[in-house]
Amino acid sequence: MVKKKCVAMLLAGGKGSRLNSLTKDLAKPAVPFGGKYRIIDFTLSNCANSGIDTVGVLTQYQPLLLNSYIGIGSAWDLDRKDGGVTVLPPYSESSEVKWYTGTASAIYQNLNYLKQYQPDYVLILSGDHIYKMNYESMLEYHIEKRADVTISLIEVPWVEASRFGIMNTTDDMRIVEFEEKPSNPKNNLASMGIYIFSWNILKEYLEMDDRNPDSSHDFGKDVIPLLLEENKKLFAYPFKGYWKDVGTVQSLWEGNMDLLGEDCELDLFDQDWRIYSVNPNQPPQYISSDAIVKESLINEGCTIEGEIDKSVLFQGVTVGKGSIIKESVIMPDATIGINCLIEKAIVPYDVKIPDGTVIRSFDDEIILVTEEMLSGLYPTY
Amino acid sequence: MKRKLLGVIDATTYHEDLEDLLTHRSLAALPFAGRYRIIDFVLSNMVNSGIRSVAIFPKMQYRSLMDHLGAGKNWDLNRKRDGLFFFPSPFVDSDGNRIGSFEHFAANMDYFYRSTQEYAIIANCYTIFNMEFRPILDWHRHAKCDITEIHHQDGSSMEMYLIKTSLLIKLIETRHESGYTCMKDIVTAIQNDYSICHYKYNGYAVMIDSIENYFSTSMKLLESDVWKQLFLKDQPILTKVKDEPPTKYIKGSSVKNAMIANGCFISGTVENSIVSRGVKIGKGAVIKNCIIMQKCHIDENCYLDSVILDKDVKVEAGTQLTGTIRSPYVIRKGTRQGALMNS
């Protein structure tokens, strides 16, 4: 194998249980987002656009669709002669099957994958967040600071700081303290879960962590504190820009709504930083003479005969005459009949909403439509 | 599984009446229906009919066609065996001396000699249709004709032919002796040694040979029964895929009876139109009965009625352009159209 300067490891094994029925049969990184994409498209596109051409994707939970979606990586320009994308599921060794029990152990079990490329640096990412970032800039920063580990941080609102892993730094951005979900945060710089390790440090500390039977083998909870204890050089890389964790039904909906409006923070139309995905290849959308479309995002293959207001519609969605879709997210190939009203809801892929259905939220809680809900409304469903 | 049919797409045709849209591209590469090129229809039909070997014979400006087709990946034709073959013509037409398609085929006989498929379907590149060819092949074999010509409902030729590959080879090899320069010559000859059968196709099929019918056929796409016949889920029209985001509708926009491709940013009014990918329509702009090709920018408060904008056209704020349905106003690729320009 050809030596690589930096290899990325993308942790995509999470269950995303707070997305309820959306992740019952689907890994969280494969959840649809933004009218056309899947959550993992953002991280993969960031890798491709940052010039990182070797990416290991660690899958575990319900990997079938995610694995076939990633394929050999051609969609993100990662089908390369040397490197490219490799899906890394858990595997059995001669003695036992080893599931990934923690983020650190998942990487540890794949050191052989990394060793092939003799990397100088390893970039550790998760496939859970929506953001655009040039990892090459972060790598240059890591090299300049002669850091052992660089952690990307983002400023969060003070009121939310206690939900995150908070870093306390010197003026020089050297990390001196790390607090996981502190009740009285000293700082509002939160860890984004993006790490760049110098290869030797990664190897050494993953091995050290693996030997510790009391460890939960998690980067944030175990490895980072261990590195700080040992006085290793950890630096904070400040990130400015849109970054959204879409791990709950509410935040997934918010993230989609964030894409509407003329000047939204996450620009999907930026030709210099394209978000790649596996394109659905459907005919252009058709907006009928009866349709009214206001402030929305609509993908190809849709047939719209009703009113769409402040909503995100994925590919192949049909909306019948007289129906009103308001502040909602309608996922691929869903069919909305005639004279329906869907307000503040997420309609998952392939769901058929019968004629005349009304689904609307009266408090601000976003409704995730399920088959059970529909069969409750229509007992013969 | 042994394949019975290979596909030949004769993309050497040039229709003068489409001149304004063909200065930079061959007819086969003419954009259509918002995200396709005309050749996508016949090519997709071939692939959907189980054909895995397709030879395309283009002529003249074939750069954009070649770029569009690539190695055939988007049509599942980038294969180790067979696949997509692109045979640019080494000949240049001189005025008044049209070179027949057999001459172009003859320059690439190896393709035919090496093919293992027993039958060939030879089609033009400019028909808009969605057709499965296998039933026609079965019919042809059953009818035991030398050549089957496919006809429209009204009896006019669709300029598509089914023939045994071995016979096709013979026809190409003997073209100078026989005087037949193309398939059309043979089927229209008053007397010849071959049995010609006609297969009537009752589905929707239109040949694009003029600005007028390019425009009217595009507008037909807005009718659901035409749409339903062309865009079938089981027989999709495949095309080169682009990474465009979903289309964004901005406050104040109004869109009615329109077909809109991805990547558009719409702040104005669009009615009865076909809008291709990456088009930006500014606030207060009104587009009616138009065909707007990729990446055009239509600035604020423009008024366009019955206009065809080729790729990359920029229409400056406040410009008014009006054509008619019979004679739409065509603006060539890359033009910067100002409000005060009078051409």
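Ile287(A) has Ala258(B) as its bridge partner in β13(B), so that bridge pairing crosses from one chain to the other in this predicted model. Three bridges join β14(A) to strand β13 (residues 254-260) of chain B, and these two strands run antiparallel.

**Extent of the interface**

- The contact draws 38 residues from chain A and 36 residues from chain B, and the area buried between the two chains is about 3,000 Å², of which carbon and sulfur atoms give 50%.
- Phe269(A), Asn281(A) and Pro284(A) together supply 22% of the area that chain A buries against chain B, which is more than any other three residues supply.

**Polar and charged pairs across the interface**

- Across the interface of chain A and chain B there are 20 residue pairs in polar contact, counted where both residues are at pLDDT 80 or more.
- The count of salt bridges between chain A and chain B is one; Glu262(A) forms a salt bridge with Lys283(B), with the closest N and O atoms 3.0 Å apart.

**The side of chain A that touches chain B**

- The elements that give two or more residues to this side are β14 (285-287), β15 (292-294) and β16 (297-298) of chain A.
- By class, the side of chain A that touches chain B is made up of 17 nonpolar, 14 polar and seven charged residues.

**A seven-stranded sheet in chain B**

- Chain B holds an open sheet of seven strands in the order β5-β4-β1-β6-β9-β8-β10, with mixed pairing.
- The edge strands of this sheet are β5 (83-86) and β10 (196-200) of chain B, each of which pairs on one side only, and neighbouring strands are turned by 20° against each other on average, direction ignored.
- Within the sheet, strand β1 (residues 5-11) and strand β4 (residues 53-58) of chain B run parallel and are joined by five bridges; the bridge partner of Asp10(B) in β4(B) is Phe57(B).

**Helices packed on that sheet**

- Helix α5 (residues 134-143) of chain B packs on the sheet, where it touches β1, β6 (119-124), β8 (147-151), β9 (157-164) and β10 of chain B, and its direction makes about 145° with that of β10(B).
- Helix α6 (residues 165-173) of chain B also packs on the sheet, touching β1, β6, β8 and β9 of chain B, and its direction makes about 105° with that of β9(B).

Definitions and conventions. Residues are numbered from 1 along each chain as its sequence is written. Chains are lettered from A and ligands numbered from 1 in the order in which they are written. This is a predicted model: local features need pLDDT of at least 70, side-chain atom pairs count only at pLDDT 80 or more; totals for chains, interfaces and linings use all residues. Side-chain values use heavy atoms; hydrogens and water are left out. Contact means heavy atoms within 4.5 Å. Buried area is the accessible area (1.4 Å probe) that two parts lose on being put together, summed over both. A salt bridge is a side-chain nitrogen of Lys or Arg within 4 Å of a carboxyl oxygen of Asp or Glu. A polar contact is a pair of N or O atoms within 3.5 Å; within protein, one must be able to donate a hydrogen and the other to accept it, and residues adjacent in sequence count only if both atoms are side-chain atoms. Helices (H or I, at least four residues) and strands (E, at least two) are DSSP runs, numbered from the N terminus. Ala, Val, Leu, Ile, Met, Phe, Trp, Tyr, Cys and Pro count as nonpolar, Asp, Glu, Lys and Arg as charged, and the others, Gly among them, as polar. Two strands pair if DSSP finds at least two bridges between them. Axes are lines fitted to C-alpha atoms, for helices over the stretch in contact, and angles run from 0 to 180 degrees between N-to-C directions.
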